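Please read them with the structure open beside you.

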Amino acid sequence: MQPSGALTREKILYASVQVFLKKGREGATAKEIAALAGISSGSPFGMFGNKEGVLRELCVMAYTLPATVCVFMR
């Protein structure tokens with residue numbers, strides 16, 4: 001069983017990928033990511049610092065996820 005913080009982190013990253021791919025970096029909002037992740041509407045970027053921190057983490061993870069994760073960065 002994963003600790004609650006680790007599960008929340010995964011939910012935020014998964015939701016972020018979906019929203020960033022659909023809306024792009026500029027169009028993505030914390031509110032939409034939080035809703036998709038099923039977490040409170042407080043800033044889901046808090047544990048990553050900001051939206052750019054989430055993007056950096058997703059790109060680091062790209063080595064273990066499909067390479068298309070960072071397509072939205074172009």
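1. I would start with the end of a helix: Asn 50 caps the N-terminal end of α3, where a side-chain oxygen of Asn 50 lies 3.0 Å from the backbone nitrogen of Glu 52. Please keep in mind throughout that this is a predicted model.

2. Helix α3 itself covers residues 51-61, and its buried residues are Gly 53, Val 54, Leu 55 and Leu 58. These buried residues pack against α1, which spans 4-27.

3. Turning to α1, the buried residues there are Ile 12, Leu 13, Ala 15, Ser 16, Val 17, Val 19 and Phe 20, and they pack against both α2 (30-37) and α3.

4. The course of α1 deserves a careful look, since this helix has 24 residues and yet its end C-alpha atoms are only 28 Å apart, whereas a straight helix would reach 34 Å at 1.5 Å a residue. Where does α1 bend? The bend is at Leu 21 and amounts to about 85 degrees.

5. For the chain as a whole, the secondary structure comes to 3 helices and 0 strands, and the elements run α-α-α from the N terminus on. Of the 74 residues in the chain, 30% are buried.

6. Two further values complete the description. Among contacts between residues at least 6 apart in sequence, 48% join residues at least 24 apart, while the chain exposes about 4800 Å², of which carbon and sulfur atoms supply 58%.

Technical notes:
Residues are numbered from 1 along each chain as its sequence is written. This is a predicted model: local features need pLDDT of at least 70, side-chain atom pairs count only at pLDDT 80 or more; totals for chains, interfaces and linings use all residues. Side-chain values use heavy atoms; hydrogens and water are left out. Buried means under 20% relative accessible area, exposed over 50%, partly exposed in between (1.4 Å probe, protein chains only). Helices (H or I, at least four residues) and strands (E, at least two) are DSSP runs, numbered from the N terminus. Contact means heavy atoms within 4.5 Å. A polar contact is a pair of N or O atoms within 3.5 Å; within protein, one must be able to donate a hydrogen and the other to accept it, and residues adjacent in sequence count only if both atoms are side-chain atoms. The expected span of a helix is 1.5 Å times one less than its number of residues. The bend at a residue is the angle between axes fitted to the seven residues ending there and the seven starting there. Accessible areas come from the Shrake-Rupley method with a 1.4 Å probe; for residues, only the protein chains shown count as cover.
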